Structures are given as C-alpha cells and as structure tokens.
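Please keep the sequence and the model at hand while reading.

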Amino acid sequence: EVPPPLAGLPEYYRNRAVLHVAQNNGMSIGFFNHLTHRICAVEKCLLLRRELNELLALLREVLPRHADALPQLRNLVLRCNGDGTELLLTLVGECQLSAAEDLAAALMRREPRLASVWVNTGPPLYGIYGGEWRRLAGAEQLNERIGPLRLRLSPASFLQVNCQLILPLYRLARDFAGISRHERAFDLYSGVGSIALYLAPDSERVCGIENYAPAVADAKENAVLNGIDNCRFIAGAAEDSLPQLAGSGERADVLVVDPPRAGCAKRVVDAIITMRPRRIVYVSCDPATLARDVRLLAAAGYQVTKVQPVDMFPRTPHVECVVLMSRVDK
C-alpha cells in the first residue's frame with residue numbers, strides 16, 4: 001500500500017523558474033500556453049517564491065527600457081536560495097555585453113538580494129546548458145543551506161525546486177538507504193553532491209556520478225566546505241561511467257539514483273544489476289519511467305519494500321516518489 005504523499009504549502013514554493021521572452025511590438029515575459037510556443041505574459045506566479053515574484057516585477061519594469069541592448073533575449077532564469085536571501089538571474093540569448101553589464105548593475109542596485117547576474121548564449125527554450133556562460137555582475141555561486149549542509153551552486157547546477165521539501169526528501173533517502181559505517185554507496189545523477197554529502201557521515205564512502213561538469217566542481221567544493229573527506233565525484237554520464245566501474249569490479253552496498261524525467265538509461269540499469277547492491281533507493285520525478293525501471297530491476301531479483309510519494313510540485317500533475325528496492329537472494 002502506498003502511503004499519502006508528504007506535502008508542504010501549495011503555493012510560493014518554487015526556487016527556480018524559466019520564463020520566455022518575446023519582443024514583437026513590445027516585450028512580453030511569461031510562460032508558453034499549453035502545447036504552444038505562444039507566450040502568456042504573467043505579472044505573478046503563485047508557484048514561485050515571493051522573492052522571485054518580486055524580481056519578476058522588477059524585470060517587467062526595467063527590461064523593456066533595455067530592449068535595444070538585448071535584441072536576442074529569449075529566456076530569463078530566476079533562482080533563489082532556501083531562505084530567500086540570495087537571488088540569481090540568467091539572461092539567455094545574445095546581448096551587447098557592455099549594455100548588459102550596465103543593466104545587471106542597475107538591477108542589483110534596485111534589488112539588494114540579487115547576488116549575481118549571468119548571460120548564457122545557449123539555444124532558445126530550455127537549452128541553457130549549452131553556449132557560453134558569462135558573469136555580468138555579482139558572486140560566482142549561490143549559497144544554500146540544507147539541514148547540516150552548506151552548499152554552493154553554479155547558475156545551471158540542479159537542486160530540487162521545492163524549498164520546503166528538500167530536507168524531508170533527503171531524510172527519506174537516507175532512512176531508506178539505511179547505510180552503516182562499513183557500507184559503500186553510489187549516488188547517480190548526483191548534481192552538486194547534496195544527497196551524497198548527506199549520506200556520507202553514515203557511510204564508509206560515497207561516490208557521486210554527474211554529467212554536468214560545473215555541478216561536479218560544485219560538489220567537490222561542497223565536500224571541502226562541509227569537512228567531508230569520504231566522498232568522491234566523477235564527471236561523466238551515468239550510462240558511461242557506471243558500466244565502466246561495474247566492469248572493473250567496483251561494488252556498492254547501496255545505490256541511490258535521482259534521474260531526470262526520462263529515468264535511467266538501459267545501460268545504467270544493466271550496470272546496477274551487475275554491481276548487485278543490497279539496496280537501491282530510487283528518487284523519481286516521473287511515475288511512468290519509475291515503473292519501467294522498477295520492472296527491470298524486479299526481473300533481476302529486486303523487490304520493492306518501501307514507497308513514499310512526496311508532493312514536490314503542488315498544483316501540478318507531477319509528483320516525486322522515493323522507492324526502496326532490496327535484493328532478494330535466492
């Protein structure tokens with residue numbers, strides 16, 4: 001039986017948003033209408049942290065006056081840390097650099113919580129991981145705190161979007177993992193290392209694998225920042241790195257996976273089966289791909305022993321889910 005989801009407040013919870021920009025007959029800032037590329041301009045979003053709504057209001061006021069300096073502006077990425085004391089803004093698209101630097105300085109004067117402003121020349125829509133990054137003003141990273149952990153995040157590094165439920169989610173993952181000081185763990189899709197570092201004090205050692213190199217750099221810095229010396233982080237795609245490790249004889253007692261909505265690649269599942277961890281903790285943001293991967297692991301001798309949904313995305317059709325699978329030795 002699946003228990004009711006853990007839940008927080010249903011509004012003002014998101015710490016990150018990607019907004020789209022159109023500059024036909026004036027500047028529109030908002031979200032796409034469902035299944036279209038037509039922008040619905042928004043003044044306020046009930047899902048976004050109040051601090052981000054305040055930043056959005058400032059951008060709606062200031063950016064149209066700088067449209068000539070931002071002729072190819074396509075997206076705005078707004079982020080904040082958990083207590084709302086630091087905000088981060090990324091402009092996505094080509095810009096006139098000196099004018100964009102002036103704009104960044106003007107925004108930071110108006111909004112003292114704005115810790116840094118970046119520009120990324122990546123492709124439109126959600127392709128903000130490509131292209132060239134340039135810091136226009138402010139700090140290199142966003143400072144975050146999750147329970148005992150202090151974290152620093154580069155502008156495109158991933159962190160769960162619901163500020164209220166990040167720590168409860170990590171506690172669930174730790175409790176399901178049930179790791180002890182003589183056991184080793186792998187953390188796949190490890191991002192800035194937050195789950196790996198959260199597990200590390202209870203384990204012999206933890207290895208994180210993450211494809212996005214700046215996030216790996218963040219993870220290594222975060223390990224030092226928290227005085228944790230039994231974590232290592234590998235920069236590489238899980239579907240490449242894990243099979244190599246499994247083929248070289250690496251083994252783990254506990255394996256944590258927190259993949260994107262597409263779930264685990266088949267090569268990752270095959271490598272997990274080869275490594276034969278005692279326990280697998282699967283943190284999923286898509287029940288369909290979770291069910292697909294659980295079915296493959298169940299056929300290889302794993303049994304679902306615990307399930308806990310977490311409503312990380314209130315007022316949307318999406319739900320996070322944490323599943324514990326234990327190896328059944330026959």
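The buried residues of helix α5 are A215, V216, D218, A219, N222 and A223. As the model is a predicted one, the points below describe computed geometry.

- Just after α5 comes G227, which takes a positive phi of about 65°.

**The sheet that contains β11 and β12**

- This open sheet is formed by 7 strands in the order β12-β11-β10-β13-β14-β16-β15, and the pairing is mixed.
- Its edge strands, each of which pairs on one side only, are β12 (231-235) and β15 (302-310).
- On average, and with direction ignored, neighbouring strands of this sheet are turned by 15° against each other.
- Within the sheet, strand β13 (residues 254-257) pairs with strand β14 (residues 279-284) in the parallel sense over 4 bridges, and L255 stands opposite I280 in β14.
- Helix α8 (residues 287-299) packs on the sheet, where α8 touches β14, β15 and β16 (320-327), and the direction of the helix makes about 165° with that of β14.

**The sheet that contains β1 to β7**

- Here too 7 strands form an open sheet with mixed pairing, and their order is β3-β2-β1-β4-β5-β6-β7.
- The edge strands are β3 (39-41) and β7 (133-138), each of them pairing on one side only, and the twist from one strand to the next averages 35°.
- Strand β2 (residues 28-32) pairs with β3 in the antiparallel sense over 3 bridges, and F31 is the residue that stands opposite C40 in β3.
- Helix α1 (residues 50-62) packs on this sheet and touches β1 (16-22), β2, β3, β4 (75-80), β5 (87-92) and β6 (114-120), while its direction makes about 145° with that of β4.
- Helix α2 (residues 97-110) also packs on the sheet, touching β5, β6 and β7, and the direction of α2 makes about 40° with that of β7.

Definitions and conventions:
Residues are numbered from 1 along each chain as its sequence is written. This is a predicted model: local features need pLDDT of at least 70, side-chain atom pairs count only at pLDDT 80 or more; totals for chains, interfaces and linings use all residues. Side-chain values use heavy atoms; hydrogens and water are left out. Two strands pair if DSSP finds at least two bridges between them. Helices (H or I, at least four residues) and strands (E, at least two) are DSSP runs, numbered from the N terminus. Axes are lines fitted to C-alpha atoms, for helices over the stretch in contact, and angles run from 0 to 180 degrees between N-to-C directions. Contact means heavy atoms within 4.5 Å. Buried means under 20% relative accessible area, exposed over 50%, partly exposed in between (1.4 Å probe, protein chains only).
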